[in-house]
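Here is a short briefing to read alongside the model. Please have the viewer open as you go through the points.

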Amino acid sequence: MELFNVYNCYDINLVNGKGSYISDDKGNKYLDFYGGHGVISIGHSHPHYIFRIEHQLHCLGFYSNAVRNDMQEKLASKLGVLSGYDDYNLFLCNSGAEANENALKVASFHTRKSKIIAIKGAFHGRSSGALAITDNPVLSSDFNAKHEVVFVEMNDISALEKEISKNDVAAVIIEGIQGVNGVIEPGTEFLKAAESLCKSHKVILILDEVQSGYGRTGKFFAHQHAGIKADIITTAKGMGNGFPIAGVIISPAIKAWSGMLGTTFGGSHLACAAGMAVLETIEEEKLIENATELGDYLISKLKDDKAIKAIRGKGLMIGLDLENMPKVRKQLLEEFGIFTGSSGSSTLRLLPPLSITKKEVDQFIHAFQKITQIVPV
Ligand SMILES: Cc1ncc(COP(=O)(O)O)c(C=O)c1O
């Protein structure tokens, strides 16, 4: 059997990771400024993460949700405290798309409506509903194009108000910061308007924090920079530092009923051990503060680089618009051994581990400036 060939990937076989570095089977070492799509939050092979998972494997790796699992309760409690949503409830699942799919379903059950308002440029995942609210027709099959969805322009308050006023809407879903679309931030005014319009029209406000959450932007969730509260928050990537775990964080105003949601693997003992290790490390090593400090430092060092047409983002979720982005990205990898990401054809996307150090940020800056000719090669 061969692989179903859907990925346009680098021919690099990674075999090791430690902190912010990864290495391949030929012994080449790379600085990881992308964290495998923003997944690596506390760094590769963190000792506490290994300890927690290894210990759990010796106890119990998995049992289904047919039994009470107090590790889920402990994880929910810690997540509540660290995120500031301690009066909300947590449903655990396995991926960002699945979290969004469940969030849409909860909103629809609660409101008994089915239409969703999403934002132009959005990416919410590749399952049926998540893809329907993703603004990229190329990814969508006829099967998932059948949902009732309207897209409004990011930050267009009057378009949002017009759609929401039709009173047939279950939910509005907004990414904390749009990642795949090029690190595009919703404005504070827009988020505040969305919060109040949703409240007055009894529509559920869902914040997709799959990429922008878990401390990445310098707050636990990116929408907290705007001082708003969502009815439902979805989270995934950084939550397990690579172990598949995702969450739907749900307002206490939305009541659960037995059988409303479900999953076989979601919230397994092993997944909870990974999730606890991440939260404990974020707290212990003050990684949210580190994201603010080093994100600000990186931007301050790059802001005058003439090769950069625009810098966007917060904390360690940064987009740099470059004339020749694919070439710069290739040079960073091939000449300087630095992994980065991209959005579209012109944005270099930086999502390093939240545990990145100043020395490692300097390594990136030095390489970038050599490529853009500020420092002579
Ligand atoms: C904002 C956002 N939501 C949802 C997803 C989907 O997550 P997953 O690939 O874990 O299903 C992604 C993935 O990139 C994302 O960036």
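Helix α6 (residues 157-164) lies across β5 (115-119), β6 and β7, and runs at about 160° to β6. Helices are DSSP runs of H or I with at least four residues and strands are runs of E with at least two, numbered from the N terminus. Contact here means C-beta atoms, placed from the backbone, within 7 Å; axes are lines fitted to C-alpha atoms, for helices over the stretch in contact, with angles from 0 to 180 degrees between N-to-C directions.

This is a predicted model, where local features need pLDDT of at least 70 and side-chain atom pairs count only at pLDDT 80 or more, while totals for chains, interfaces and linings use all residues. Residues are numbered from 1 along each chain as its sequence is written.

**The sheet**
- Seen as a whole, the open sheet has 7 strands in the order β4-β10-β9-β8-β7-β5-β6, with mixed pairing; two strands count as paired if DSSP finds at least two bridges between them.
- Since β4 (89-93) and β6 (149-152) stand at the edges with a single partner strand each, one side of each is left without a neighbour in the sheet.
- On average, neighbouring strands of this sheet are turned by 20° against each other, direction ignored.
- Strand β7 (residues 169-175) runs parallel to β8, joined by 5 bridges, and alanine 171 has isoleucine 204 in β8 as its bridge partner.

**Strand β9**
- With strand β10 (residues 246-250), β9 pairs in the antiparallel sense over 4 bridges; isoleucine 232 has isoleucine 250 in β10 as its bridge partner.
- Both faces of β9 (residues 232-235) are covered, with Ile232 and Thr234 buried on one side and Ile233 and Thr235 buried on the other. Buried means 20 or more other C-beta atoms within 10 Å of the residue's own, with C-beta atoms placed from the backbone.

- Helix α4 (residues 96-111) has 16 residues and reaches 23 Å from first C-alpha to last, close to the 22 Å expected at 1.5 Å a residue; the expected span is 1.5 Å times one less than the number of residues.
- In α4, 12 of the 16 residues are buried, including Gly96, Leu104 and His110.
- Arginine 112, with a positive phi near 60°, follows α4.
- α4 gives the most to the shell around the ligand, with 3 residues.
- Of the 15 residues around the ligand, Ser95, Gly96, Ala97, Gly125 and Val210 come nearest.

Technical notes. A residue is near a molecule or strand if its C-beta atom, placed from the backbone, lies within 6 Å of it. Two residues are in contact if their C-beta atoms, placed from the backbone, lie within 7 Å.
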